[in-house]
Amino acid sequence: MPNQDNLINELESNYKYSVENNNLVAARIPGLFFILMSLAVACAMEIHGSSVHVGILIYTILFGLFAVLYWYSNKLLLKRAWLYFIIQGSLVYISGIFMGIYPVSLITLYPLLLSQTMGMIGQRKRYYVIFILLLFCSSSLVLVDMDIIVSYSAVAIPNMIVLIAYARIFFNQVNAKIRSERLVEELEEAYKQVQRLTLHNERQRMARDLHDTLAQGLVGLKMQLDATKGYLSLGNTDKATELIDTAITRVSESLAEARRVIDDIRSHTNISFSQQVEDQMNNFEMTTGIQYVLEDRLNEEISTSIAEQSLRILSECLTNTAKHANANTVWVHIYKEKNAMNMEIKDDGIGFQAMNKLGRKGHYGLLGIQERVRNLDGDIRIISKEGTGTEIIITIPLEGAL
């Protein structure tokens with residue numbers, strides 16, 4: 001039963017939510033037309049009577065009071081539902097008294113009240129249904145002549161079934177709409193939460209990267225400079241010179257790491273993939289002194305995941321070239337062919353025997369490149385021989401990538 005109670009509480013909340021946001025206006029407008037149509041029928045039947053003006057005036061007052069209460073039923077049903085149905089039922093009964101042998105208001109307005117219970121939630125609903133049915137039956141037995149009870153029932157019962165069916169369908173749609181609106185609001189809130197968490201994680205990642213690069217590099221540099229100062233004070237210039245050379249190397253390494261971190265951060269911005277490739281090549285040339293020739297004929301934007309992984313792959317290739325190739329120039333060619341991005345990296349270095357070197361000490365970078373390409377469902381070819389340079393050809397499918 002707890003699940004049922006939870007469902008009832010949720011539906012009650014949905015109903016209150018719909019009332020507060022005036023979602024039931026669409027239901028009350030057809031109801032008003034139905035009330036006016038009933039009044040028109042009652043007045044038309046009264047024309048054949050003796051006191052036309054008096055009857056029309058009475059019907060107009062009673063139906064008018066019924067319509068006003070019906071229009072504000074969204075507020076009354078939440079707090080004083082019993083009072084609402086008692087008053088409305090009484091108005092219908094009184095109007096039926098003035099209608100003679102064929103009380104039209106019983107046929108039209110009681111079913112309308114019964115249809116309103118379809119929008120109610122909880123255990124109270126069944127009591128209201130029973131109450132209105134009892135009012136309808138008792139009023140019909142008292143006010144309807146037994147000679148026409150069959151024809152009366154033939155009109156009243158189908159009318160009641162149609163109105164109840166309409167109300168049930170409508171309120172099911174209302175509840176579905178409310179739930180969809182709630183889901184949209186929850187999704188929007190979840191999206192905002194993801195954005196906040198992403199920003200928080202990104203800041204933490206940046207803090208870690210800066211700590212691992214700049215902070216540690218500066219700490220090490222300070223220690224070396226302090227030691228250099230100490231050796232200089234002792235007159236040991238040879239050791240001081242050695243420490244200065246080591247410090248210079250350490251600064252170069254820290255700068256390279258800092259550029260890598262900056263490139264990684266910029267890869268998460270709205271800078272195009274082509275611009276990021278060009279920036280990476282410029283940084284490579286500034287850091288290593290190796291010239292490059294870039295030919296980028298991709299001419300379209302690619303998904304964020306492929307762009308990030310491709311930049312890392314290019315970075316690994318350039319790092320391997322700087323460390324092992326002893327090259328003077330690197331050629332990078334990027335283009336699209338058959339729904340795939342092709343990236344060719346070639347150098348004029350000393351080359352190596354690819355099959356013999358893969359996995360050996362100092363060549364784990366190639367394995368890392370292969371793993372990244374494999375994660376993108378791509379293909380990689382390494383063409384190299386000793387003394388002829390190295391060419392790496394990478395093909396990454398673009399179709400269906402996110």
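Colleague: Let's start with Tyr-110: what is its relative accessible area?
Modeller: Tyr-110 is buried. Here buried means under 20% relative accessible area, exposed means over 50%, and partly exposed lies in between, using a 1.4 Å probe and protein chains only. Tyr-110 counts as buried because its relative accessible area is 0%.

Colleague: Before we go on, what pLDDT do local features need?
Modeller: Residues are numbered from 1 along each chain as its sequence is written, and side-chain values use heavy atoms, leaving out hydrogens and water. This is a predicted model in which totals for chains, interfaces and linings use all residues, side-chain atom pairs count only at pLDDT 80 or more, and local features need pLDDT of at least 70.

Colleague: How many aromatic pairs does the structure hold?
Modeller: Rings of Phe, Tyr and Trp (its six-membered ring) pair if their centres lie within 6.5 Å; planes under 30 degrees apart are stacked, over 60 edge-to-face, and the rest tilted. By that rule the number of aromatic pairs in the structure is five.

Colleague: What is the angle between the planes of Tyr-84 and Phe-85?
Modeller: Tyr-84 and Phe-85 are 5.3 Å apart, centre to centre. Their pair is edge-to-face, with an angle between the planes of 70°.

Colleague: Why is the pair of Tyr-110 and Phe-136 edge-to-face?
Modeller: The ring centres of Tyr-110 and Phe-136 are 6.2 Å apart. The pair is edge-to-face because the planes stand at 85°.

Colleague: Which helix holds Phe-136?
Modeller: Helices are DSSP runs of H or I with at least four residues, strands are E runs of at least two, and both are numbered from the N terminus. Tyr-110 sits in helix H6 (residues 104–116), so its pair with Phe-136 ties together parts that are 26 residues apart in sequence. Phe-136 counts as buried at 10% relative accessibility. The helix that holds Phe-136 (residues 124–143) is H7.

Colleague: At what angle do the axes of H5 and H6 cross?
Modeller: Axes are lines fitted to C-alpha atoms, for helices over the stretch in contact, with angles from 0 to 180 degrees between N-to-C directions. The axes of H5 (residues 81–97) and H6 come within 9 Å and cross at roughly 170°.

Colleague: How is H5 oriented to H6?
Modeller: Angles under 35 degrees count as roughly parallel, 65 to 115 as roughly perpendicular, over 145 as roughly antiparallel, and the rest as oblique. The contact (heavy atoms within 4.5 Å) involves residues including Tyr-84 and Phe-85 of H5 and Tyr-110 of H6. The crossing angle therefore makes H5, relative to H6, roughly antiparallel.

Colleague: Which side chain does Thr-395 join by a polar contact?
Modeller: Thr-395 is found in strand E5 (residues 390–397) and is partly exposed at 25% relative accessible area. A polar contact is a pair of N or O atoms within 3.5 Å; within protein, one must be able to donate a hydrogen and the other to accept it, and residues adjacent in sequence count only if both atoms are side-chain atoms. At 2.8 Å, the partner of the Thr-395 side chain is Asn-342.

Colleague: And Thr-329, what is its relative accessible area?
Modeller: Thr-329 has its place in strand E2 (residues 329–336). Not counting residues up to four places away in sequence, Thr-329 touches several residues, among them Ile-290 and Lys-346. Thr-329 is buried because its relative accessible area is 15%.
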